[in-house]
Amino acid sequence: MQDTNCRLTPEEIRQRALELGDWFHNIDLRGVQTAPHHFLGDYPAVKWNQFADALPADLRGKTVLDIGCNAGFYSIEMKRRGADRVLGIDFDETYLEQARFAAELCGVDIELRMLSVYDVADLGETFDLVLFMGVLYHLRHPLLALDLIHEHVVKDLFVFQSLQRGSPEVEALQENYPFQEQEIFEREGFPRLHFIEKRYSDDQTNWWIPNRACSEAMLRSAGFEILDHPEEEVFICRRGDTTGASGAVYPARGRMRD
Ligand SMILES: C[S@@+](CC[C@H](N)C(=O)[O-])C[C@H]1O[C@@H](n2cnc3c(N)ncnc32)[C@H](O)[C@@H]1O
């Protein structure tokens with residue numbers, strides 16, 4: 001920990017946290033809450049408490065990638081479980097600054113890097129555990145992101161969370177339907193990705209919100225096997241070897257061979 005932050009009084013921590021901008025993560029920094037008035041309550045602790053037991057308690061010997069890490073709440077928790085290495089990436093430097101400060105005050109050593117999910121291939125390595133929490137619906141190209149994550153960075157486990165709207169039902173679907181079939185699209189449990197052209201919850205970065213069936217279908221289509229569903233928005237997956245869509249590789253395989 002940097003000496004300067006190590007010696008901060010609670011009032012100085014509060015002041016520094018304020019200077020780092022609006023926090024989405026409420027993190028306890030030695031008694032100082034970073035987002036005490038979060039609209040979702042004590043977030044993301046309230047979410048984490050619902051699925052924490054579904055992840056390995058001991059991560060010693062494991063590497064972790066936290067995509068869209070924000071102020072580092074989940075990265076810090078993974079390090080607290082003993083992970084050898086935790087890398088948090090986010091495309092927003094303001095959040096990464098918050099994460100650096102939070103990690104220092106929590107006394108954990110995590111790596112942080114400004115990187116978009118669309119550029120995960122640049123990491124050039126795979127990780128035992130990849131977290132992709134609360135990011136999908138902020139993307140204009142969500143399936144591309146899942147394809148890239150599957151292709152380039154997930155070695156084993158993948159933990160996914162998305163805001164979901166619409167029915168929680170999941171319809172058992174056939175492999176194929178004739179062109180004349182229309183009724184299936186009316187069913188509540190058919191996969192639906194709701195497009196937000198303007199704003200949802202005052203947030204112009206909410207673009208696509210899946211129902212539960214769609215979250216599951218997109219995960220499978222990107223090549224993930226769903227192992228567990230410990231919380232309504234959280235899916236624990238394992239990397240499958242094949243993707244449903246051929247050619248879901250970027251750049252194109254043909255170009256890579258050139
Ligand atoms: C709703 S927050 C979720 C934060 C954290 N993962 C969680 O679950 O609490 C979404 C985060 O994703 C980040 N993000 C959005 N689009 C991104 C992108 N294309 N690449 C990397 N991070 C992105 C945002 O900056 C923000 O920190």
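## Core, fold and ligand shell

Trainee: Which residues does F132 touch, not counting residues up to four places away in sequence?
Mentor: Good place to start! Two residues are in contact if their C-beta atoms, placed from the backbone, lie within 7 Å. This is a predicted model, where local features need pLDDT of at least 70 and side-chain atom pairs count only at pLDDT 80 or more, while totals for chains, interfaces and linings use all residues. Residues are numbered from 1 along each chain as its sequence is written. With that in hand, F132 touches I67, G68, I149, F158 and F160.

Trainee: How many residues are in the largest nonpolar core?
Mentor: Such a core joins buried Ala, Val, Leu, Ile, Met, Phe, Trp, Tyr and Cys residues through C-beta atoms within 7 Å; buried means 20 or more other C-beta atoms within 10 Å of a residue's own. I67, A102, V130, F132, I149 and F158 touch the most other members, and the core's residues number 62.

Trainee: Why does the radius of gyration of the protein chain agree with a compact globule?
Mentor: The radius is taken over C-alpha atoms, and the globule rule is 2.2 Å times the number of residues to the power 0.38. For 258 residues that rule gives a value near 18 Å, which agrees with the chain's 19 Å.

Trainee: Which residues are the closest to the ligand?
Mentor: A residue counts as near if its C-beta atom, placed from the backbone, lies within 6 Å of the molecule. The ligand is surrounded by 18 residues. The closest are G68, N70, D92, M133 and G134.

Trainee: What percentage of the residues in the protein chain is buried?
Mentor: The chain has 258 residues. Of these, the buried ones make up 34%.

Methods
A residue is buried if 20 or more other C-beta atoms lie within 10 Å of its own, exposed if 12 or fewer, and partly exposed in between; C-beta atoms are placed from the backbone.
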